[in-house]
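Please keep the structure in view while reading.

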Amino acid sequence: MKALVLTEKEHMEMQDRPAAPLKNHEIKVKVSYVGVCGTDKHLYKGLPGSGDANMPVVLGHEVSGVIAELGSEVHGALNVGDRVAIDPNIPCGFCHFCHEGRPQLCENNQAVGVTRDGGMAEFVNVPETNVYPIPDSLSLKAAAMVEPVSCAVHGIHELMIKPHYTACVVGDGFMGQIFTAILASMGLKKVAVSGRNPKKVALLKQIGADDVFNPEKEEHGESYDLVIECVGVTATQERAVALARRGGQVLMFGVADPEASIRINAYDVFFKELTIKGAFINPHAMQDAIQMMTNRIDVETLITHELQLEDIPKMLDGTIKEKITKAVARIAQ
C-alpha cells in the first residue's frame with residue numbers, strides 16, 4: 001500500500017509497503033480522508049503530541065474511511081463496507097487512571113498516527129473499540145473531523161455551563177471555530193472571539209459569534225464567565241486568564257510548548273475564585289461529537305483545503321506559503 005512515513009525528524013517519505021497483518025480484535029479501514037493537525041506539525045518537528053512519535057511512523061490521527069476487513073474475533077455490530085470515523089487513542093485499561101475512569105491520563109496510552117501507524121496511508125488497522133460508525137448524512141470528508149471535534153467536546157464536558165453565561169474563545173483558528181460553533185449551538189447569552197485575522201470575522205459570525213475583537217488593536221474591557229484558550233502561546237494564555245470575570249472558568253486547550261511558562265496574578269485567582277483547567281484528548285466524546293456534527297454544527301464548511309497525500313510534507317515544512325486554517329488529504333480516489 002502507499003504510505004507517507006515520518007522516517008526521522010522533519011523528513012517524510014512516500015513508501016510502498018505491505019499492509020500490516022490484521023490482529024484478531026482489529027479492523028482494517030480503507031482510509032478516505034485524513035486531517036492534518038497542529039499535532040502532526042509538532043510530531044514532524046520532533047515535539048510530543050499525545051505521546052512521542054515512534055519513528056518510523058505513519059502519521060495521521062484524524063481519520064475517516066470504510067471498513068475493508070474484520071479481525072477473526074471482532075463480534076460487534078460493524079461490517080465490511082461500513083463508513084466509520086476513528087478514535088486514535090488507545091488507553092491501556094489497567095493503570096491507575098484507567099481504573100479511575102480517566103483514560104485521557106493513561107500512563108501507557110498508545111495513539112494511532114503517533115505511537116503506531118496512522119491514516120496517512122491507504123489502509124490503517126485499528127482496535128475494534130476505536131471504530132465508530134457514522135450516519136449516511138455525514139460525509140466522509142466531514143467525518144475525518146470527528147476526532148478534533150471530540151477533543152473540543154471533552155473540553156466542554158470539563159466546564160460547568162449555564163445558559164445565562166457569557167463565553168470568549170481566544171483564537172480564531174480551526175479549533176477556535178469549533179468551540180465557537182459548539183458554544184453558539186448551546187444558546188449561551190453571548191459568545192465572543194478574540195482573534196487577529198480580519199478575514200475570519202464574517203465566518204465566525206456566521207457560525208454563531210456575537211462579537212469578534214482583535215485585542216492587539218482595540219480596547220476591550222469586557223470579562224466572561226467562560227474563557228477557552230485555543231492557541232497555546234504564552235501571550236494568549238495569559239490573556240485568557242485576564243479575560244475571566246469573578247467566578248470565571250478558564251480552559252487551557254491550545255497545545256503549548258512543553259518548556260513554556262505563564263505568569264498569572266495569584267491574588268486574582270484567589271479573589272476572583274477562578275477555575276483554570278486543562279483538556280487533553282477526547283475521552284468518552286466520540287459519539288457526542290458525531291451527534292453534534294450530524295445535527296448542530298457544519299464542520300465541513302470550516303475545512304479550507306483539500307490536499308493530496310504527497311502535499312502534506314510541503315504543508316508541514318512551510319513550503320506551501322498559502323494560509324491554511326484546516327486541511328484534509330483525500331486518500332481513497
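Which residues in H4 meet which residues in H9? From H4 come Val146, Glu147, Val149, Ser150, Val153 and His157, and they meet Met286, Asp288, Ala289, Ile290, Met292 and Met293 in H9. Contact here means heavy atoms within 4.5 Å.

The model is predicted, so local features need pLDDT of at least 70 and side-chain atom pairs count only at pLDDT 80 or more, while totals for chains, interfaces and linings use all residues. Residues are numbered from 1 along each chain as its sequence is written, and side-chain values use heavy atoms, with hydrogens and water left out.

**Two packed helices**

Two packed helices are described by the angle between their axes and the distance between the axes. Helix H4 spans residues 146–157 and helix H9 spans residues 286–295; they pack at an angle of about 110°, with their axes 8 Å apart. H4 is therefore roughly perpendicular to H9, a term for angles of 65 to 115 degrees. The axes are lines fitted to C-alpha atoms, for helices over the stretch in contact, and angles run from 0 to 180 degrees between N-to-C directions. Helices (H or I, at least four residues) and strands (E, at least two) are DSSP runs, numbered from the N terminus.

Asp288 is located in helix H9. Not counting residues up to four places away in sequence, Asp288 touches Val153 and His157. Asp288 counts as partly exposed because its relative accessibility is 37%; partly exposed lies between buried (under 20% relative accessible area) and exposed (over 50%), using a 1.4 Å probe and protein chains only.

**Salt bridges**

The structure holds 13 salt bridges, each a side-chain nitrogen of Lys or Arg within 4 Å of a carboxyl oxygen of Asp or Glu. Three of them are listed here.

| Pair | N to O distance |
|---|---|
| Glu310 and Lys2 | 3.5 Å |
| Glu158 and Lys277 | 3.4 Å |
| Lys190 and Glu222 | 2.9 Å |

In the salt bridge between Glu310 and Lys2, Glu310 lies in the loop between strand S17 (305–307) and helix H10 (312–316), and Lys2 lies in strand S1 (residues 2–8), so the pair ties together parts that are 308 residues apart in sequence. Both residues are partly exposed, Glu310 at 41% relative accessibility and Lys2 at 34%.

In the salt bridge between Glu158 and Lys277, Glu158 lies in the loop between H4 and strand S11 (166–170) and Lys277 in strand S16, so this pair ties together parts that are 119 residues apart in sequence. Glu158 is partly exposed at 25% relative accessibility, as is Lys277 at 29%.

**A nonpolar surface patch**

Strand S16 (residues 275–278) also holds Ile276. Ile276 counts as partly exposed, at 36% relative accessibility. Together with Ile262 and Ile264, Ile276 makes a nonpolar surface patch of about 210 Å². Patches are made of residues with over 30% relative accessible area and no salt bridge, with like charges joined within 9 Å and nonpolar side chains (Val, Leu, Ile, Met, Phe, Trp, Tyr) within 5 Å.

**Arg330**

Arg330 lies in strand S18 (residues 327–330) and is partly exposed, with a relative accessible area of 33%. Leaving aside neighbours within four places in sequence, Arg330 is in contact with Ser32, Tyr33, Glu306, Leu307 and Gln308. The C-alpha atoms of Arg330 and Ser64 are separated by 9.9 Å, although these residues are 266 residues apart along the chain.

Definitions and conventions: Accessible areas come from the Shrake-Rupley method with a 1.4 Å probe; for residues, only the protein chains shown count as cover. Angles under 35 degrees count as roughly parallel, over 145 as roughly antiparallel, 65 to 115 as roughly perpendicular and the rest as oblique.
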